[in-house]
Structures are given as C-alpha cells and as structure tokens.
Amino acid sequence: MIQFNSSIRLKSEAAVFLIDQEQVKQKLGLPHDILEQIKFLNSNNQFTADKDQIFPFLLNKTLILLVGLGKREKLSQTA
C-alpha cells in the first residue's frame, strides 16, 4: 500500500524518496541521517537524481530507496 505522510517517520521497513536534480542539492526537510547520506552520495556522483536513477541503502534497519526524477523543468504530471 502506498501512503503519503507529510511528516517523515522511519518506522516502516522501507521508504521511497522521489528527488529531482535541484532537490538533491537542497535541504529537503528530511531527517538529518538521510540528508547526510544524500549529500555524501551526491558528492561522490553516486546519486545525482538523473531521470530513472535508483539508489538503495539501509539506514537503521529501514531500506531507503532514492529515485531520481531528472531536471525539474522536464517533469510532467502524467509522465
């Protein structure tokens, strides 16, 4: 089941974050541990939020899946 939560609580087995290329360089309002991991991955060019890029990692027994959306100006609501 897919649920949207406006406040992030990592009490589930997995979490998916959809991130565009602008957001990958910003503070997204995510928990500090996740922000630090995204910053580290981005600085090593392991996760750059390119379209269709997927990067999984474990954080305190929770599977985090980062999904890149590409450039924000190329996003649409249907594709």
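1. Let us start with R72, which is partly exposed, with a relative accessible area of 35%. Please keep in mind as you read that this is a predicted model. R72 lies in the segment after β3, and its side chain meets that of D20 in a salt bridge, 2.8 Å from N to O. D20 belongs to the loop between β1 and α1, so this pair ties together parts that are 52 residues apart in sequence.

2. Together, D20, E22 and R72 are linked in a network of salt bridges, and the count of salt bridges comes to 2. As background, side chains of opposite charge can pair when their charged atoms come close.

3. Is D20 buried or exposed? D20 has 3% relative accessibility, and because buried means under 20%, it counts as buried. E22 has 36%, which falls between the cut-offs of 20% and 50%, so E22 counts as partly exposed.

4. Now step back to the whole chain. The chain has 1 helix and 3 strands, and from the N terminus on its elements run β-α-β-β. Of its 79 residues, 27% are buried. The chain exposes about 6,200 Å², and carbon and sulfur atoms supply 51% of that area. Take the contacts between residues at least 6 apart in sequence: 48% of them join residues at least 24 apart.

5. How are the strands joined? Strand β2 (residues 54-59) and strand β3 (residues 62-68) run antiparallel, with 6 bridges between them. Strand β1 (14-19) is joined to β3 by 6 bridges as well, but β1 and β3 run parallel. β3 therefore pairs with β2 and with β1, since a pair of strands needs at least two bridges.

6. L58 stands opposite L63 in β3, and the bridge partner of F57 in β3 is I64. I64 also has A15 opposite it. How many of the 7 residues of β3 are buried? The number is 5, and β3 is mostly covered. A general point to remember is that side chains in a regular strand alternate between the two faces of the sheet.

7. I34, I38, L41 and N42 of α1 are buried. Seen down the axis of α1, the buried residues fall within an arc of 100 degrees, so they line one face of the helix. An α-helix has 3.6 residues a turn, so residues three or four places apart point the same way. The buried residues of α1 pack against β1, β2 and β3. On the other side of α1, H32, K39 and S43 are exposed.

8. Finally, look at some backbone angles. Just after α1, N45 takes a positive phi of about 55 degrees. D52 has a positive phi of about 70 degrees although it is not a glycine. D52 lies in the loop between α1 and β2, and at 60% relative accessibility it counts as exposed, because the cut-off is over 50%.

9. Where does N60 lie? N60 is in the loop between β2 and β3. These strands form a hairpin with 2 residues between them, and N60 in the turn has a positive phi of about 50 degrees. With 61% relative accessibility, N60 counts as exposed.

Key: Residues are numbered from 1 along each chain as its sequence is written. This is a predicted model: local features need pLDDT of at least 70, side-chain atom pairs count only at pLDDT 80 or more; totals for chains, interfaces and linings use all residues. Side-chain values use heavy atoms; hydrogens and water are left out. Helices (H or I, at least four residues) and strands (E, at least two) are DSSP runs, numbered from the N terminus. Buried means under 20% relative accessible area, exposed over 50%, partly exposed in between (1.4 Å probe, protein chains only). The arc is that of the directions from the helix axis to the C-beta atoms. Contact means heavy atoms within 4.5 Å. Accessible areas come from the Shrake-Rupley method with a 1.4 Å probe; for residues, only the protein chains shown count as cover. A salt bridge is a side-chain nitrogen of Lys or Arg within 4 Å of a carboxyl oxygen of Asp or Glu.
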